[in-house]
Amino acid sequence: MTTPKNINSPHLIDIKSMSKSNIEYLFETTDTLKNTPIKESLKWHQGRSAMALFFENSTRTLTSFQLACQRLGVDCTALNIAHSSTQKGESYKDTIETLNAMQTDLFIVRHPKNHIQQQMVDWNLVNCYDKTTSIINAGDGNNQHPTQGLLDLYTIKQHIKDFSQIKVAIIGDVKHSRVANSLLDGLRIMGTSNIELYGPDSFIPEPAQSLKAKSMQAALTDCDVVIMLRIQKERLDADIKIDFTDWHQHYGLNNDNLKFAKREAIVMHPGPMNRGVEISSEVADGAQSTILEQVKNGVLIRQALIHRLLS
Ligand code: NCD
């Protein structure tokens with residue numbers, strides 16, 4: 001078992017609080033895990049436990065965390081929120097304190113409200129052994145999704161030599177995307193400054209307007225990495241109506257406009273995809289797509305992170 005260095009926080013709430021060397025070290029641990037048989041890593045954290053509390057829908061993130069825990073020998077309980085006592089009026093804090101009293105080592109939390117995981121950190125949760133209960137942010141509102149950002153950076157690193165030499169385009173609903181926020185922070189930490197955003201004006205956040213490209217073509221031209229984002233319908237005002245055919249025409253990626261990017265450019269998407277809206281099937285399933293590679297890396301990155309936090 002490798003013993004991680006650089007443990008400066010028992011939690012992961014956002015990428016901003018990580019340094020470049022923290023991220024690089026996490027990538028090294030991820031590389032080690034890639035070459036470690038599961039029957040070996042299974043022994044690393046036997047007897048430890050985690051609780052996955054997902055107050056929002058999830059397919060890949062929840063499963064990925066559960067598998068990451070399992071492969072380290074960590075017993076992971078996923079709370080079915082629809083059947084939990086929050087539906088009976090119990091406060092969030094009471095629910096968390098109740099679960100914490102059961103001696104869990106780690107909470108993995110997704111919540112529609114921004115900053116809820118930071119609030120949990122501020123409660124200074126300790127378990128019955130007087131040890132800090134670790135908290136991982138698995139997505140809070142439109143704020144942060146640090147493990148998605150990290151797995152995206154890890155995937156980029158597998159295809160490029162130097163983060164400071166690449167051009168990255170992030171296209172679609174950037175404003176409501178916590179993935180974009182974490183990725184922008186992560187890219188800056190790793191040294192990427194050539195970043196262009198593209199989407200309708202009202203879908204680019206105010207502080208990032210200066211990164212907005214003039215057109216889809218301008219955003220894609222000479223790009224090394226193209227990241228496509230879903231319209232976050234669940235976070236839009238009810239009166240906003242979107243014509244999906246029109247969206248694809250102006251902000252969708254297909255084989256015609258992908259030609260503006262470098263020939264070896266990679267195409268990424270955090271999922272879930274809406275084929276024919278932000279991305280065409282030919283691109284999603286094409287040779288440049290790393291979408292399933294991202295999913296595969298997601299389990300490994302989360303394993304590395306959990307190993308680091310629990311060690
Ligand atoms: C993202 C999320 O939940 O923010 N999905 C994911 O975790 N892979 C992106 C999205 O929902 O569009």
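Predicted model: local features only at pLDDT ≥ 70, side-chain atom pairs only at ≥ 80, totals over all residues.
Strand β1 (residues 49-54) runs parallel to β3, and five bridges join the two. Within this pairing, Leu 53 stands opposite Val 109 in β3.

Strand β3 itself covers residues 106-111, and six of its six residues are buried. Both faces of the strand are covered. Leu 106, Ile 108 and Arg 110 are buried on one side, and Phe 107, Val 109 and His 111 are buried on the other.

In the loop between α4 (92-100) and β3 lies Gln 103, whose phi is near 70°. Gln 103 counts as partly exposed because its relative accessibility is 32%. Asp 130 is found in the loop between α5 and β4, and its phi is near 65°. At 65% relative accessibility, Asp 130 counts as exposed.

Helix α3 (residues 60-70) has a buried set made up of Thr 61, Leu 62, Ser 64, Phe 65, Ala 68 and Cys 69. Seen down the helix axis, the buried residues of α3 fall within an arc of 165°, so they line one face of the helix. In an α-helix there are 3.6 residues a turn, so residues three or four places apart point the same way. The cover over the buried residues of α3 includes strands β1, β2 (75-79), β3 and β4, together with helices α6 (146-157) and α12.

The chain is divided into domain 1, residues 15-144 + 296-310, and domain 2, residues 146-290. Taken over C-alpha atoms, the centres of the two domains are separated by 27 Å. Their contact takes 30 residues from domain 1 and 25 residues from domain 2.

The largest nonpolar core has 56 residues. Ile 108, Ile 156, Ile 170, Leu 197 and Ile 306 are those with the most contacts inside this core. Helix α12 gives the largest share, eight residues. The core lies between domain 1 and domain 2, because both give residues to it. Another core, of 25 residues, lies apart from this one; among its members are Ala 169, Met 228, Tyr 251 and Ala 265.

With neighbours within four places in sequence left aside, Leu 197 is in contact with Ile 170, Val 174, Leu 184, Ile 204, Ala 208, Leu 211, Lys 212 and Ala 213.

Helix α12 (residues 291-310) also holds Asn 297. This residue counts as buried because its relative accessibility is 4%, the limit for buried being under 20%. Beyond neighbours within four places in sequence, Asn 297 is in contact with Leu 151, Tyr 154, Thr 155 and Gln 158.

The bond from Gly 271 to Pro 272 is cis, with omega near -5°. Pro 272 is found in the loop between β8 (266-268) and α11 (281-284).

Note on methods:
Residues numbered from 1 in each chain as written. Heavy atoms only, no water. Helix = DSSP H or I, 4+ residues; strand = E, 2+ residues; numbered from the N terminus. Buried < 20%, exposed > 50% of the residue type's maximum accessible area, 1.4 Å probe, protein only. Contact = heavy atoms within 4.5 Å. Core = buried A, V, L, I, M, F, W, Y, C linked by side-chain atoms within 4.5 Å. Domains from an automatic or database assignment. Pairing = 2+ DSSP bridges. Arc of directions from axis to C-beta.
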